[in-house]
Amino acid sequence: MNQNIIIFILLNFFLISLTALLSLNKIDFFWKQFLFWVIGFLLFFSYRFINYRLIFEKFYFYLILFLSIIILILVLFVPGNIKSWFSLGSFSIQPSEFSKIGFFLVMATFLSYYQLDLINPFYLIFSIFLISPFIILIILQPDFGMAFLYFLTWLFSIIFFLSRKEIIIGIIILFFIFCIFWFFVLKDYQKNRILVFINPEIDPLKSGYNSRQVKLSLGTSSFFGKGIGFGEIGREGFLPSVHTDFILTFIIEERGLLIFWLYSFLIYLLLAEILKAQRFHTDHVVKNFLLVIFCYFFSKYIITSLVNFGLFPIVGLPVPFLSYGGSYLVFDLWLLAIALNLSK
C-alpha cells in the first residue's frame, strides 16, 4: 500500500465530510467530527511505530477476540431499549465498530486453515458457526444494519472459495434464515422498511417517507448540483438523518453526481491499494486479513451508496468517511493503519 495515496484519499474525504456539515449549519457536529478526524489520524499514523503483526500472535489474538466479544455482551446491560452504545457524557462509543477487529481475525484465521476445504459444505456451515456469536450479539442490541454488514463481509470473503454446489446450499440456508428472521426476529418497523422498498405506495407519508425524500432530493439535483449552501431539502430538515445515513444524498443534491463519481473514485483507489497489498503478500494469515478488510470496505460502500440512491432498504449504516460519527471513523482509520503496517 502506498502511504502517500492513502493520505491523499483521506484528506479528500476529510474535506468533503466537514464541508458538508458546515453547509448543513451543524456547527456542533462539525467541531465534534473535526475532533474525531484528529483522533482518527493519530491512530492512522500509528502504523509508523507500532508492529501490528503482533495481533496474529496467540496471546494478542485471544486477548483481542475476548475483548471483542465481552464489549458486545456488556453493552446489552446498558439501560434503555437501544443497547448499541456506551455513553460518555456528550459522546458515545459503539462497541460493534471495535469488535470488528476480532471478527476480522477470526475470518482471516479460518480462511488460512480452511479456504481450500470450503468445497465441502461442512466447512461452510463451520464458518457460519464461528461468526454467529458476533452477529447474534449485535442483533440482540438490536442493530440489524451492523449485523448485515458483518454478514456481507463474511459472504464476500468466502464466496470466491465456494463451488457451485456450496453456493446453492448457501442460498437455501439463507432463505430459511430470512424466513426465521421475518417471522420471529424482525420488528414491525423493519418489515415495513422492506415492504415499502418493494412498493413505496404502501405508506408514502410514514414508512415510505425517507425513501420518497431521498428520491426528491436527488431528482431536484443535476450533474453539477445546486451549489454548496443551496441544498434546501437537506438544509431545511426535509431529508431525515441527513448528517448520518443520508449525508451522501445531501452532498449529491448540492454538488451533483460529479461528487459521487469523485467519491467512488477515491473508494476505488483505496480498495485497489488494499487489494494490491493482499495479492502480493506472502504470509497467508496477513493475506487473508487484508482480503477481509477489502470485503469490509467494499460491502460498506455498496450498501450505503444503494441506500442513498433509494435502491436498497434503509439499514442505518454510516457512509464510509463521510457521515457524522466518531466510532466508525476512528475504527476505519485505525484499520487502515493496521493494513498499511501489515503491507510493509
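A: The answer starts with the model itself, goes through the pairs in turn, and then looks at some other places in the chain.

This is a predicted model, in which local features need pLDDT of at least 70, side-chain atom pairs count only at pLDDT 80 or more, and totals for chains, interfaces and linings use all residues. Residues are numbered from 1 along each chain as its sequence is written, and side-chain values use heavy atoms, with hydrogens and water left out. The protein chain has a mean pLDDT (the predictor's confidence in each residue, from 0 to 100) of 85, and 88% of its residues reach 70 or more. Confidence is highest in helix H15 (residues 327–342), at 95, and lowest in helix H9 (residues 188–198), at a mean of 64. Where pLDDT is low, predicted coordinates should not be read in detail.

Side chains of opposite charge can pair when their charged atoms come close. A search of the whole structure finds four salt bridges (a side-chain nitrogen of Lys or Arg within 4 Å of a carboxyl oxygen of Asp or Glu). One of them joins Asp-28 to Lys-32, with the closest N and O atoms 3.9 Å apart. Both residues lie in helix H2 (residues 27–44), four residues apart, which is about one turn of the helix. Helices (H or I, at least four residues) and strands (E, at least two) are DSSP runs, numbered from the N terminus. Lys-32 counts as buried because its relative accessibility is 16%; buried means under 20% relative accessible area, exposed over 50%, and partly exposed in between (1.4 Å probe, protein chains only).

Another salt bridge links Glu-97 and Lys-100, whose closest N and O atoms are 2.5 Å apart. Glu-97 is buried, at 1% relative accessibility, and Lys-100 is buried as well, at 1%.

Glu-273 and Lys-276 also form a salt bridge, with 3.3 Å between the closest N and O atoms. They are separated by about one helical turn because they sit three residues apart in helix H13 (residues 257–280). Glu-273 is buried, at 7% relative accessibility, whereas Lys-276 is partly exposed, at 38%.

Helix H2, which holds Asp-28 and Lys-32, also gives the most to a nonpolar surface patch, with seven residues. A patch is made of residues with over 30% relative accessible area and no salt bridge; like charges are joined within 9 Å, nonpolar side chains (Val, Leu, Ile, Met, Phe, Trp, Tyr) within 5 Å. The nonpolar patch covers about 980 Å², and its members include Trp-31, Phe-34 and Phe-91. Accessible areas come from the Shrake-Rupley method with a 1.4 Å probe, and for residues only the protein chains shown count as cover. H2 and strand E2 (91–93) each supply at least two residues of this patch. Phe-34 is found in helix H2 and is partly exposed, at 33% relative accessibility.

The side chain of His-281 reaches the backbone oxygen of Leu-342 at 2.8 Å. Ser-323 lies in the loop between helix H14 (284–308) and H15 and is buried, at 0% relative accessibility. The side chain of Ser-323 reaches the backbone oxygen of Thr-244 at 2.5 Å.

Notes: A polar contact is a pair of N or O atoms within 3.5 Å; within protein, one must be able to donate a hydrogen and the other to accept it, and residues adjacent in sequence count only if both atoms are side-chain atoms.
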